[in-house]
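Subject: Handover of a structure and its findings

Dear colleague,

Please find below the structure that I am handing over to you.

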Amino acid sequence: MKNYLSIANSTLMFIACGIVIIYVLGQSLFFMRRAWKRGKEIGMDTNVMKKTVSTRDTSHKEVFLRHFKEFVMMVGYDEFVVSIKLLWRKLQ
């Protein structure tokens, strides 16, 4: 178990996961930018596009918070707090 944790918490693993997260965020921004340009090309109103983006963003936040609460209840609050403290120590 100790060997597994040393691999899971290694710097290499944090870098690998960080690269994946940055790639996913970059991809989503790339496609959002293309969709915005295409919307302007076909004559969509900018206010309608802004409202669409903000509405979608709000609904995603609500879904995230609902799943996050379910995750904390499933894992248990105490274990969740301990893992957050360990993560905070690792990041410092």
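The following notes set out what was found, beginning with the basis of the values.

This is a predicted model, in which local features need pLDDT of at least 70, side-chain atom pairs count only at pLDDT 80 or more, and totals for chains, interfaces and linings use all residues. Residues are numbered from 1 along each chain as its sequence is written, and side-chain values use heavy atoms, with hydrogens and water left out.

Overall fold

The chain contains four helices and zero strands, where helices (H or I, at least four residues) and strands (E, at least two) are DSSP runs numbered from the N terminus. The chain has a radius of gyration of 19 Å, well over the 12 Å that the globule rule gives for 92 residues, so it is more spread out than a compact globule. That radius is taken over C-alpha atoms, and the rule is 2.2 Å times the number of residues to the power 0.38. Along its principal axes, the C-alpha trace spans about 60 × 30 × 20 Å.

Surface and charge

Of the 92 residues in the chain, 5% are buried; buried means under 20% relative accessible area, exposed over 50%, and partly exposed in between (1.4 Å probe, protein chains only). On the charged side, there are 15 positive and 7 negative side chains, and the centres of the two sets lie 8 Å apart. Lys and Arg count as positive and Asp and Glu as negative, while His and the chain ends are not counted; each charge is placed at NZ of Lys, CZ of Arg, CG of Asp or CD of Glu.

Helix 2

Helix 2 covers residues 11-41, and its 31 residues reach 45 Å from first C-alpha to last, close to the 45 Å expected at 1.5 Å a residue. The expected span is 1.5 Å times one less than the number of residues. Ala-16 lies in this helix and is partly exposed, at 35% relative accessibility. After helix 2 comes Gly-43, with a positive phi near 90°. Between Ala-16 and Gly-43 the separation is 27 residues in sequence and 41 Å in space, C-alpha to C-alpha.

Aromatic pair

Rings of Phe, Tyr and Trp (its six-membered ring) pair if their centres lie within 6.5 Å; planes under 30 degrees apart count as stacked, over 60 as edge-to-face and the rest as tilted. The ring centres of Phe-30 and Phe-31 are 5.1 Å apart and their planes stand at 75°, so the pair is edge-to-face. Phe-30 is partly exposed, at 46% relative accessible area, and Phe-31 is also partly exposed, at 43%.

Yours sincerely
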